[in-house]
Amino acid sequence: MAGAIPSRSSSRRFRTQRKLPAAPEDTPLHKSHSDRLAAWKSKKSTTAFDLRSTASDLNFKTWDGHSRTAVAWDGLRRDSELWFPDGNCLVHLYARGQSRRGPAFQVPMDALLATNCRRLLDRFLFQSSTDSPISESSNSSADNNYFSASPRKYELYIPAPSTTDRGQAFFCHVATRNLFAWILGKPLVGSHLGGAMVGLLNSMNEFRSTGEDNVQAIMDYMDSERYADIRNSPDHALAILFFAEHFQFKDMWIDAFAHCVGMHEKLASSPDFECISRTSRALITRSRMEMNLRLEYAGRQLGTFLSDDLSDAHLGLSSAARDHLDKFRTFLQSYYVAKLGYYPPVPSTGTRSTFPKSTYAQMCAEFQKLYDFLVDKSFTSSMTTPPRSQQGGVCIVQSLQAFDTRHKYTPLPYPLPLLPEGEEVLPKSRRASWYSKGDKMRPDPRLITLSSMMKATNRLEDLECSLVRAYRGFEKECILPNSRLEKHEKLSPTDARKVRWILVYTVLQTLLSVTKVPVEVRDTVNVSYNLCILTAGTPPWKGSRPIETLIRKHTDQTKEDFITSLTKAAETELAASPSEIVPDIDYFALAHRPQSTRQNSISLTGQAKRKGTVRRALSTLGNMPELRHPSPKRLIYHEILVHGYGNGTNSVSLAPSRTASVDNLAKKPFVDEDEEISSRWSVSSVDALDILEASRISYNSSRVSNSIKEFLDSPSSAVSQGVAYETGLFEDSNLQPHPLRLSRSVGLVVERKEQAKAALPQHVIDA
């Protein structure tokens with residue numbers, strides 16, 4: 001029979017009938033392990049390595065979704081999770097004849113057939129070449145008959161590609177292991193859970209039969225292993241986020257994204273946090289900041305029941321309507337004080353005004369029921385003209401539209417409340433009612449008003465809401481005051497209902513903004529953090545691609561995972577390595593240098609600082625045109641000032657005022673006005689130090705001029721006690737040349753100079 005099962009004897013005969021090359025006669029036998037000739041023993045594969053050390057180096061873990069724990073994994077030598085004592089299929093992670101390590105898994109063959117892993121069996125199942133029952137069989141029932149007819153064990157040899165190196169081969173074996181974990185309903189293994197899920201879907205697409213719904217199969221697996229339960233679990237939430245972003249599952253991504261935003265403080269401790277894209281990390285941080293601001297704003301507004309949003313600046317009400325609004329706020333304040341013990345409640349940890357999540361949810365549920373109790377469902381927000389009964393008095397539609405527009409809220413479907421029909425019966429004056437006996441038989445008009453107000457409500461099947469019951473009592477008290485001392489309101493019951501409705505609507509919108517969860521989020525019960533995120537600008541990819549274009553081959557995905565792991569390992573090692581901190585200035589080296597070198601460096605440093613300061617100051621002038629004067633000629637004589645005579649070139653007077661002017665000329669060198677203006681622009685970074693040096697010499701010249709004046713005024717007896725002039729004053733290096741050209745003749749100058757010398761005492765000239 002073509003589909004007959006080969007017996008053990010026949011398969012053994014087939015193996016013995018194969019001829020091997022003759023071994024040399026002097027080749028000894030390998031006695032310790034096998035009776036085969038040592039020369040023909042298979043050599044160890046180049047990809048064989050220590051699986052346990054590799055698993056520990058790459059920090060691989062077993063991710064148990066039920067217990068939500070991650071335990072270190074010890075390698076592939078024999079996985080206890082995938083070793084079934086009654087299994088009849090041995091799985092080897094190497095090619096046949098390349099290793100004596102033994103099988104890594106022992107699994108039942110029925111599980112492989114039940115999951116339609118036909119491609120896996122066709123490629124790696126070791127079988128006789130004469131009998132190929134798997135390839136000949138056309139349905140699963142034939143496979144079951146084939147494998148159930150013989151009790152023998154089957155062997156799968158699944159090697160890593162020959163071109164892979166040690167690390168990539170290990171990733172290939174881990175992906176194969178995870179495929180069998182999915183077949184048998186066991187936990188996944190990997191350095192991070194998201195990467196293990198991505199590799200599993202790629203392996204399922206490669207090794208399962210054509211036409212299988214692998215996406216739905218892995219979804220069912222994640223549900224059964226509790227990986228899809230991402231509540232209060234950063235590892236699971238980040239893994240689902242990574243998986244959804246890789247294959248572009250939008251709804252799954254938003255679901256995981258909401259939980260990641262809520263658990264933002266705990267994400268950094270998860271291995272999957274560094275694996276998600278930078279865009280997703282930035283979106284998580286931005287969304288968390290926006291949500292925190294929204295929660296704090298809502299807490300501030302709800303603490304005063306929107307006293308700022310409904311103030312006179314935003315809502316125009318009459319004084320009577322404003323008083324009734326304040327009265328309704330007081331009622332709500334007293335209600336929540338009685339229910340919560342205090343109001344506003346104590347803010348959440350780390351915030352200033354944010355209510356606890358449970359308080360937001362409780363208030364939202366109560367105001368939602370109050371909204372349903374009063375809403376008029378005959379008018380929707382898409383309609384433009386309200387019914388006639390709603391016209392006049394307090395304008396509701398415009399006020400609520402302005403509120404929604406200001407806060408960018410989505411309008412509620414029904415913006416108007418139910419109002420009493422017909423003309424209201426106003427209370428009549430009690431004056432002169434005693435003589436009309438017919439009026440005593442009529443009912444109280446206030447009771448008629450109360451009845452009409454109660455009719456203008458929706459009969460809820462469930463009136464167990466305490467806020468709805470308290471509201472009915474408050475409305476009754478407004479129409480029928482308990483005490484005669486209470487002042488009767490000047491506002492009609494219809495307008496009072498409108499005012500209360502405005503507060504109910506706006507408070508409900510504020511509560512919905514901090515409690516409404518995106519429709520994509522599945523699990524919202526028993527969650528300790530807020531999920532009220534905004535999905536604008538998400539997900540991080542644009543458009544949609546078919547899942548077939550995102551599926552990759554088994555080997556390609558493992559190669560990418562291996563490269564990613566190497567990159568992250570290098571980054572971690574670089575961050576962990578200590579770096580030497582070197583100061584900008586080595587003060588110790590400066591303090592221990594030789595004395596001469598230190599002095600020279602100090603002088604050079606001072607000059608450099610002065611040059612740098614002047615250059616920075618001059619650079620602020622911008623790109624000005626540079627003006628230069630013609631180089632002045634150095635004078636051939638030295639100017640000498642004598643009291644009463646001047647410098648020999650100008651006429652002088654002995655008047656005190658002229659003496660002072662001469663002194664001023666001695667203190668300040670003469671500079672023409674045009675010369676001074678042009679000198680302001682003839683500056684550059686090169687001439688800056690020359691300008692400073694010239695200023696210093698000018699100052700020294702004025703100081704020496706004062707000493708000459710003091711010498712001329714002193715008596716002759718004091719001349720011998722000191723030197724009248726400083727020796728270095730008239731040196732060429734210290735003179736500042738006059739910038740203007742001389743217009744007088746040299747002879748006149750020489751003549752005046754001789755006259756000045758003749759006027760001096762002889763002992764001064766000799767000195």
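In this predicted model, helix H8 meets helix H9 through a defined set of residues. From H8 come Met197, Leu200, Leu201, Met204 and Asn205. From H9 come Asn214, Val215, Ala217, Ile218, Tyr221 and Met222. Nine of the residues in this contact are nonpolar. Two are polar, and none is charged.

Two packed helices are described by the angle between their axes and the distance between the axes. H8 covers residues 193-207, and H9 covers residues 214-224. Their axes come within 10 Å. The axes cross at roughly 140°. The crossing of H8 with H9 is right-handed.

Asn232 lies between H9 and helix H10, which spans residues 234-247. The phi angle of Asn232 is positive, at about 60°. Asn232 is not a glycine.

Strands were considered next. An open sheet is built from three strands. Their order is E2-E1-E6, and the pairing is antiparallel. Strand E2 (69-72) and strand E6 (188-190) stand at the edges. Each has a single partner strand, so one side of each is left without a neighbour in the sheet. On average, neighbouring strands of the sheet are turned by 30° against each other, direction ignored.

Strand E1 comprises residues 61-64. Four bridges join E1 to E2, and the two strands run antiparallel. In one of these pairings, Thr62 has Val71 of E2 as its bridge partner. E1 and E2 also form a hairpin, with four residues between the strands. In this hairpin, Arg68 takes a positive phi near 55°.

Two cis peptide bonds were noted. One runs from Tyr343 to Pro344, with omega near 0°. Pro344 sits in the loop between helix H13 (319-340) and helix H14 (357-374). Another cis bond runs from Thr538 to Pro539. Here omega is near -5°. Pro539 is placed in the loop between helix H18 (493-515) and helix H19 (547-550).

Arg281 was then examined. Arg281 belongs to helix H12, which covers residues 278-303. Beyond residues up to four places away in sequence, Arg281 touches Phe273, Glu274 and Ile276. Cys260 and Arg281 are 21 residues apart along the chain. Their C-alpha atoms are separated by 9.5 Å.

The mean pLDDT of the protein chain is 73. A value of 70 or more is reached by 59% of its residues. Over residues 1-52, the pLDDT stays under 50. For this stretch, the model has 53 contacts beyond four places in sequence. Residues 716-744 also have a pLDDT below 50. That stretch has 37 contacts in the model beyond near neighbours in sequence.

Conventions
Residues are numbered from 1 along each chain as its sequence is written. This is a predicted model: local features need pLDDT of at least 70, side-chain atom pairs count only at pLDDT 80 or more; totals for chains, interfaces and linings use all residues. Side-chain values use heavy atoms; hydrogens and water are left out. Two strands pair if DSSP finds at least two bridges between them. Axes are lines fitted to C-alpha atoms, for helices over the stretch in contact, and angles run from 0 to 180 degrees between N-to-C directions. A crossing is left-handed if the near helix is turned anticlockwise from the far one by less than a right angle, and right-handed if clockwise. Contact means heavy atoms within 4.5 Å. Ala, Val, Leu, Ile, Met, Phe, Trp, Tyr, Cys and Pro count as nonpolar, Asp, Glu, Lys and Arg as charged, and the others, Gly among them, as polar. pLDDT is the predictor's confidence in each residue, from 0 to 100.
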